[in-house]
Amino acid sequence: MTLEQQLPALQVILPLFGALICALMRRGSLAWGIALGVSFAMPVISGVLLAEVLSNGPISYHLGGWAPPWGIEYRVDTLGAYLLMLISAIGALIMPYARASVAREISADKQAWFYTMYLLCLTGLLGIAITGDAFNIFVFLEVSSLSTYVLIAMGKDRRALLSAYQYLIMGTIGATFYVIGIGLLYSVTGTLNLVDLTARISEIGPSRPVLAALAFLEVGISLKLALFPLHVWLPNAYAYAPSVVTAFLAATATKVAVYLYLRFLFSVFGVSVVFKGLPVPEILLALSIAAMFGASLVAVFQDNIKRMLAYSSVAQIGYITLGIGLANKMGLTGGVVHLINHAMMKGALFMAIGAVVYRVGSARLEDFAGIGRRMPLTMAVFTLGGLSIIGTPGTVGFVSKWYLAVGALDKGWWWLMFLLVASSLVSVVYIGRVVEVIWFRPLLHTGTTVREVPLAMLVPMLLLATATIYFGIDTTLTAGIAGRAVDMLLAGLS
Amino acid sequence: MKLDLIFRITTKLILPFILMFALYVQFHGDYGPGGGFQAGVITAAMVILYAIIFGLPAAQKVVPARLAELMIPLGALIYASVGAVAMLLGGEFLNYSVLLSDGPHGQELGILLVEIGVLVTVAGTMTAIFYSFAGRGR
Amino acid sequence: MAVFSEIVSHYNHWITIFLMVSGLYIVVARGNMVKKLVGLSLFQTSVYLLYLSPGKILGGTPPILDPNFAVYSNPLPHVLMLTAIVVGVATLALGLALVVRINEEYGTIEEDEIFPVKDDE
Amino acid sequence: MTQDAAIIAALLIPLAGAVLIVLSHRHPNVRETVTLVTGGALFLTVASLVSDVFAGASPEAGGFVIAPGLEITFRLEPLGMLFALVASGLWLVNSIYSIGYMRGNKEHRQTMFYACFAVAIGATMGVAFSANLVTLFLFYEVLTLSTYPLVTHKATEEAVRGGRIYLMILLGTSMVLLLPAIIWTYVLAGTTTFAAGGILAGKADGILVAILLALFAFGIGKAAIMPFHRWLPAAMVAPTPVSAFLHAVAVVKAGVFSVMKIVIYIFGIDLLATTGQGTWLLYVAAATILIASIVAMTRDNLKARLAYSTVSQLSYVVLGAALANTLGILGGSMHIAMHAVGKITLFFCAGAIYTAAHKTKVSELAGLGRKMPFTFAAFAVGAISIIGLPPMGGTWSKWYLALGAMEADQFILVVVLMISSLLNIAYLLPIPFRAFFVRPGGDDAAGGIAEAPLACLIAIGITATACVLLFFFADALYNLLQLMKLR
């Protein structure tokens with residue numbers, strides 16, 4: 001087989017190898033070097049895969065040479081490739097940033113382990129996006145989750161331990177629900193291959209075990225996705241995890257769960273089962289709206305900015321699930337494109353916060369007073385990210401909002417459009433609060449140590465911030481591909 | 001303690017048999033129930049038993065904590081390398097058939113190597129878990 | 001009567017459901033972190049049963065090719081559950097490790113004693 | 001320079017200026033030169049397009065599609081031309097004035113100030129040239145955001161609070177009302193491109209027209225129709241050049257310009273006139289005119305009084321749009337220019353008074369006219385123009401508005417316009433009167449007060465002259481606006 005044919009496997013194996021080698025290292029900087037190399041290779045691979053999928057259709061890779069549906073199949077289609085690209089790009093941006101930040105926040109003897117866990121997490125996330133086997137998804141889900149728990153527990157604050165524990169309980173319940181759902185499906189259909197499952201479920205139709213499986217899967221994935229009100233693990237986990245971890249997780253982990261949601265709702269179960277068997281769209285819409293308002297309102301009252309942004313993430317996930325609930329071309333495109341858009345803006349925001357933590361050592365609002373004068377670039381990144389969260393035209397946030405609103409109106413739900421725009425008004429309040437403090441308050445930390453962060457941290461942030469503007473204007477790479485993925489998902493909808 | 005003596009002697013006596021049984025389970029995995037997971041746990045049980053009877057320091061003299069920790073990625077690395085070798089030989093990842101010119105024998109060899117990897121990792125993991133819990137809170 | 005036999009004939013599922021629900025109940029209702037983990041394990045164990053019991057085929061033998069037998073049990077659920085067990089063990093180990101660390105930091109593993117502790121933001 | 005290149009240049013020159021301003025932050029003289037050069041270049045670029053518009057051309061540029069319905073396109077038409085000309089011309093004058101003011105008051109963070117100013121004028125050009133609602137909205141929001149740091153420039157508690165109100169009202173109305181209106185329009189009409197005769201005709205009727213009009217009219221918070229006018233007085237904490245920019249050059253003008261443009265090119269005046277669904281807006285505008293004038297009389301703070309005056313004057317333009325007939329549109333559009341020139345003069349004078357004498361209250365001005373005769377003379381000129389008396393430019397716009405009201409058989413509105421003029425006299429003219437003819441209180445030792453810095457005076461002189469010139473050369477405006485394709 002040529003190298004190009006091996007790419008789907010390499011996408012997952014390279015970070016796995018990287019993780020194993022990192023585990024053998026004792027020096028953090030060596031481990032960082034390996035993680036950096038692997039992270040830079042990832043977008044190259046996923047870029048080639050994406051180009052291949054867009055021009056020639058889905059790629060299938062038979063692991064171990066066993067043909068599906070018996071063997072495990074790695075299957076890259078438009079949606080999967082889109083997600084691979086997202087995860088690997090964020091990973092590649094995070095790694096240069098990570099070194100200094102990790103050196104500041106994690107003790108030297110644990111740094112090699114940190115990079116091991118990071119690469120394992122990357123492996124898991126990429127694996128979920130690439131595999132075409134339902135049980136394999138569970139394995140990768142747990143690989144990424146277990147490493148995530150460890151990463152979160154590495155936070156400096158002792159509450160990081162509690163958050164990791166809390167996440168572990170919730171996450172395991174979620175994953176177990178997922179396996180239960182898969183088990184039910186397996187006992188009904190006798191297959192685990194996603195493509196095969198799709199065919200067989202459409203033969204069976206909405207029978208009771210299938211609907212039960214759907215319910216279990218939906219709840220399980222919703223836990224991972226932090227769908228309101230199953231989000232309680234997320235704010236603490238994001239708030240107390242090391243800054244790098246927060247940025248990475250916020251940009252990727254929940255997105256992968258959304259991918260699973262899309263995969264199961266639209267392709268495995270198919271629109272006919274999901275939308276006729278259970279009131280899935282109605283539930284999703286109601287919960288999404290609750291998330292958009294509830295979580296945003298809570299965000300307004302947070303003093304820890306990481307926590308504030310974490311609640312904002314819950315709200316933004318609401319937008320994504322709203323698009324799923326709309327289930328029409330424009331709405332779903334809005335949801336899918338918001339996956340990548342939200343990853344960009346939240347990545348930028350959390351990296352900016354991480355930079356402040358690097359210099360000031362705190363993420364409390366009052367410690368940000370006047371910091372815009374000492375760290376103007378970092379705070380410009382924060383401001384741009386914030387504008388994107390608000391959905392200002394010219395940023396990626398606006399593109400998502402436009403699609404969602406048009407999707408809502410296409411259904412004739414003008415009230416939903418108003419709710420959508422009204423909820424972004426709440427985000428003006430919490431972002432505006434921070435912006436006022438960083439630019440217009442007198443400087444609190446007058447020490448000379450508070451200045452711009454090293455270039456390796458600054459450049460990734462600036463790149464992401466630029467991306468939030470660039471992809472707000474040229475959307476061929478984001479909305480264009482998302483649109484094609486949506487066409488694929490909606491193929492079953494008559 | 002007198003009872004202690006009986007424990008010590010018995011342990012010393014059965015340790016080789018535990019290891020032997022582990023290896024049996026390991027290599028019989030081809031033909032019957034068994035394999036690297038079980039063998040790894042049994043191997044670790046040997047170390048753990050030794051540690052319980054003779055104390056943690058004595059056990060760590062035989063199997064240092066660092067070794068146990070190294071075994072974890074090492075075993076997985078053996079596993080993954082077999083897959084990678086298969087890739088280099090032109091097959092898919094973990095396609096053992098290409099390891100030897102004869103497909104089924106290649107499968108056999110591949111599984112054997114992979115199971116050794118599993119043994120190493122599982123034994124290492126179990127021992128490491130035991131060490132880290134036993135070594136705390138004194 | 002038909003209903004009764006319907007219920008009894010699915011006894012494996014009833015056991016699964018019992019384990020599942022009691023496991024979840026322990027996770028929700030207990031404040032002790034170790035007990036919660038035990039509940040979580042129980043919950044995961046129920047899944048093993050869910051997979052394994054339909055895999056057994058009446059009159060089937062272990063799936064090792066033998067000219068004397070024609071009916072084999074389905075091996076796949078066992079493989080899957082082996083993986084799930086490993087995952088479960090890893091989760092439990094990690095959970096316990098976290099509890100140990102929490103105990104070191106807070107001096108307790110009771111949730112209702114930890115959560116009132118206010119760290120200064 | 002070809003026409004479409006000139007359009008793009010008009011957008012890029014201010015941006016380039018902003019970048020250069022930031023780069024030259026260590027050298028104030030270079031920085032101010034950059035500002036002035038940018039202003040001059042921008043004005044010349046815009047002016048170079050005037051002859052084309054008179055020739056009946058409507059050059060286009062852009063055509064960049066972000067998403068279905070999200071298209072960035074620019075097209076020049078007479079109304080946009082007028083607005084761009086007024087804004088770029090006054091910005092140049094305002095820049096001259098800013099330099100005098102900022103240096104005279106030794107303000108801090110001047111680099112950020114000038115940079116934001118340049119970005120804001122660029123956004124204003126974008127609003128003026130926009131060919132569809134989406135482009136308009138994009139630059140409308142950029143304008144809001146780039147002026148926010150200007151409003152909070154002083155970074156005091158009060159400034160931040162003012163900025164908060166400014167941002168919340170402008171962003172809030174635009175996001176919650178304007179954006180849905182745009183999306184709704186897109187879904188109804190399948191496009192958001194401005195077209196002669198409107199794009200909603202036949203697509204919407206009955207109460208839906210009224211709802212959409214309400215979403216647009218209130219959604220454009222910059223037009224300051226009551227009850228969304230609070231941001232204007234709140235923004236008074238900003239330095240005076242900013243106030244001039246907000247009230248005269250760009251921000252409020254962008255608001256009423258957008259209302260005008262939406263009425264003409266989205267609804268179409270025929271749709272509004274035949275369905276009568278725009279009538280309510282007439283009364284809201286009339287009420288705003290009267291109430292704001294009355295509130296202005298009660299304000300002692302000079303800038304606050306001018307702010308409420310602006311609220312009132314803006315509704316003249318809205319009124320003109322809501323009349324939905326040729327004369328009303330003409331009067332309203334003309335008022336954009338007339339009010340801009342008049343109001344900027346008044347603000348420049350207020351700023352000059354603050355710079356020279358540090359006085360902000362009307363009641364403190366007694367006798368100051370002797371010390372600053374030029375400033376107060378200019379103030380009187382601006383005031384007369386706002387009131388609408390000859391020989392100042394403001395006369396003509398009010399004249400056409402009144403004619404439009406007559407044509408629409410809305411005699412009550414004619415009365416409203418008359419009363420409003422009286423109220424204008426009542427709150428504006430006492431200021432120069434008091435300055436010139438009332439003797440200062442005995443203890444008020446106004447020694448040492450002289451005219452403001454020269455840069456300020458030059459700017460004041462230019463705009464005051466313009467007020468007079470516009471009276472005599474109003475036919476140029478008339479001819480330009482006649483080219484507008486209303487149907």
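Reply:

**Where α17(A) meets α7(D)**

On the α17(A) side, the residues in contact are Trp414(A), Met417(A), Phe418(A), Val421(A), Ala422(A), Ser424(A), Leu425(A), Val428(A), Gly432(A), Glu436(A) and Phe440(A). They meet Val160(D), Arg164(D), Leu167(D), Met168(D), Leu171(D), Gly172(D), Met175(D), Val176(D), Leu179(D), Pro180(D), Ile183(D) and Trp184(D) of α7(D). The model is predicted, so every value here is computed from it.

Two packed helices are described by the angle between their axes and the distance between the axes. In chain A, α17 covers residues 414-440. In chain D, α7 covers residues 157-189. Their packing angle is about 155°, and the axes lie 10 Å apart. An angle over 145 degrees counts as roughly antiparallel. The two helices, α17(A) and α7(D), are therefore roughly antiparallel to each other. The crossing of α17(A) past α7(D) is right-handed.

Next, the core. The largest nonpolar core has 490 residues. Those with the most contacts inside this core are Ala348(A), Ala352(A), Leu82(D) and Val318(D). Take Ala352(A). Setting aside neighbours within four places in sequence, Ala352(A) is in contact with Thr378(A), Met379(A), Val381(A), Phe382(A), Gly385(A) and Met461(A).

Ala324(D) sits in the loop between α14 (302-323) and α15 (326-357) of chain D. Ala324(D) has 28 C-beta neighbours inside 10 Å, so this residue counts as buried. Beyond neighbours within four places in sequence, Ala324(D) is in contact with Val263(D), Ile269(D), Leu272(D), Ala273(D) and Gly278(D). Phe117(D) is 207 residues from Ala324(D) in sequence. In space, their C-alpha atoms are 34 Å apart.

Now chain A as a whole. Chain A holds 19 helices and two strands. Its C-alpha trace spans about 70 × 55 × 40 Å along the principal axes. A compact globule of 494 residues would have a radius of gyration near 23 Å, and the 21 Å of chain A agrees with that. Buried residues make up 69% of chain A. Of its contacts with a separation of 6 or more, 80% join residues 24 or more positions apart.

Chain A also touches chain C. Here 25 residues of chain A are in contact with 26 residues of chain C. On the chain A side, the elements giving two or more residues are α5 (134-153) and α6 (159-189). The most comes from α6(A), with 14 residues.

What does chain C look like? Chain C has five helices and zero strands. Along the sequence the pattern is α-α-α-α-α. The C-alpha trace of chain C spans about 70 × 40 × 20 Å along its principal axes. Chain C has a radius of gyration of 20 Å, whereas a compact globule of 121 residues would have one near 14 Å. In chain C, 24% of the 121 residues count as buried. Among contacts in chain C between residues at least 6 apart in sequence, 46% join residues at least 24 apart.

Some chains do not meet. No contact joins chain C and chain D, and their closest C-alpha atoms lie 25 Å apart. Chain B and chain D do not touch either, with nearest C-alpha atoms 41 Å apart.

Key
Residues numbered from 1 in each chain as written. Chains lettered and ligands numbered in written order. Predicted model: local features only at pLDDT ≥ 70, side-chain atom pairs only at ≥ 80, totals over all residues. Helix = DSSP H or I, 4+ residues; strand = E, 2+ residues; numbered from the N terminus. Rg over C-alpha atoms; globule rule 2.2 N^0.38 Å. Buried ≥ 20, exposed ≤ 12 C-beta atoms within 10 Å, placed from the backbone. Contact = placed C-beta atoms within 7 Å. Core = buried A, V, L, I, M, F, W, Y, C linked by C-beta atoms within 7 Å. Axes fitted to C-alpha atoms, helices over the stretch in contact; angles between N-to-C directions. Parallel < 35°, antiparallel > 145°, perpendicular 65-115°, else oblique. Left-handed = near helix turned anticlockwise from the far one by under 90°.
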